[in-house]
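User: I would like to go through the labels given to this model. For each one, please set the value against its definition.
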2 protein chains.
Amino acid sequence: MSSDRSELPPEPDLLLITNALSVICGKWRLYIILLLNEQTLRYSQLSDLLPEVSEKVLASELKALVSLGIMKREAYAEIPPRVEYSLTPQGRMALPILRQIQLIGQLIQ
Amino acid sequence: MSSDRSELPPEPDLLLITNALSVICGKWRLYIILLLNEQTLRYSQLSDLLPEVSEKVLASELKALVSLGIMKREAYAEIPPRVEYSLTPQGRMALPILRQIQLIGQLIQ
């Protein structure tokens, strides 16, 4: 993480934690980010990769991740319309830490 | 993180993510872990450090973190009884990643 603001606060910072949890928490949110990874995928491709996730849940998770600035959504005026998702620069910067969160899951298995 | 099992899975692993989220998610859980950090603190000290958190919530969060294997609780048969909390070895191993999660909060400020 190279941004100059990437210094850890000396004391735990509840605002930063709350912000981070909005990206991470929720049954599917982190999984969707890690699934997309550094690819650009269409909505239909994401949907195919997530058969257990309803259209409604997937759409709302993607909408939330776009509004958080982690993902970007690009729509192409084609017939049929094409909509693609990819990580924003912030999303890519967060990716190494987001991947490592899985190691915490290993520790408590 | 030095354990030999600390390899990241090639593909996102929903079970590992779900396990990890049980440690991280919840308004106060990660904040409590980072506040305790590498110290050993009495329940009363933790409670004093968390004036915004009710006794009920603090007790249930500590109980959950102990059952997850992230924290350990030691009670001393003294009068008045002394109860102390500290991170387990797993909790200490998770600490560097748990701290870094705050950087994600910086990215979306």
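User: How many salt bridges does the rule find across the interface of chain B and chain A?
Analyst: Zero salt bridges are found across that interface. The rule asks for a side-chain nitrogen of Lys or Arg within 4 Å of a carboxyl oxygen of Asp or Glu. This is a predicted model: local features need pLDDT of at least 70, side-chain atom pairs count only at pLDDT 80 or more, and totals for chains, interfaces and linings use all residues. Residues are numbered from 1 along each chain as its sequence is written, chains are lettered from A and ligands numbered from 1 in the order in which they are written, and side-chain values use heavy atoms, with hydrogens and water left out.

User: What makes up the contact between chain B and chain A?
Analyst: 45 residues of chain B touch 45 residues of chain A; contact means heavy atoms within 4.5 Å. The buried area is about 4300 Å², with 75% from carbon and sulfur atoms. That area is the accessible area (1.4 Å probe) that two parts lose on being put together, summed over both. B:Gln102, B:Leu107 and B:Ile108 give 16% of what chain B buries against chain A, more than any other three residues.

User: Why are A:Cys25 and B:Cys25 called a disulfide?
Analyst: Their sulfur atoms are 2.1 Å apart. The definition requires a pair of cysteine sulfur atoms within 2.5 Å, so the pair of A:Cys25 and B:Cys25 qualifies. One disulfide is found over all chains.

User: Why is the disulfide of A:Cys25 and B:Cys25 left-handed?
Analyst: The torsion about its S-S bond is about -100°, so it is left-handed.

User: Why is A:Cys25 called buried?
Analyst: Its relative accessibility is 17%. Buried means under 20% relative accessible area, exposed over 50%, partly exposed in between (1.4 Å probe, protein chains only). Therefore A:Cys25 counts as buried. B:Cys25 is buried too, with 17%.

User: Why is A:Asn37 partly exposed?
Analyst: Its relative accessible area is 26%, so A:Asn37 falls in the partly exposed class. B:Asn37 has 25% and is also partly exposed. Phi of A:Asn37 is near 50°, a positive value in a residue other than glycine.

User: How do you know that the charged end of A:Arg82 sits over the ring of A:Tyr76?
Analyst: The charged end is 4.0 Å from the ring centre. The rule needs NZ of Lys or CZ of Arg within 6 Å of the centre and within 35 degrees of the ring normal. B:Arg82 sits over the ring of B:Tyr76, also at 4.0 Å.

User: What is the omega of the cis peptide bond that joins A:Ile79 and A:Pro80?
Analyst: Omega is about 0° there. From B:Ile79 to B:Pro80 the bond is cis as well, with omega near -5°.
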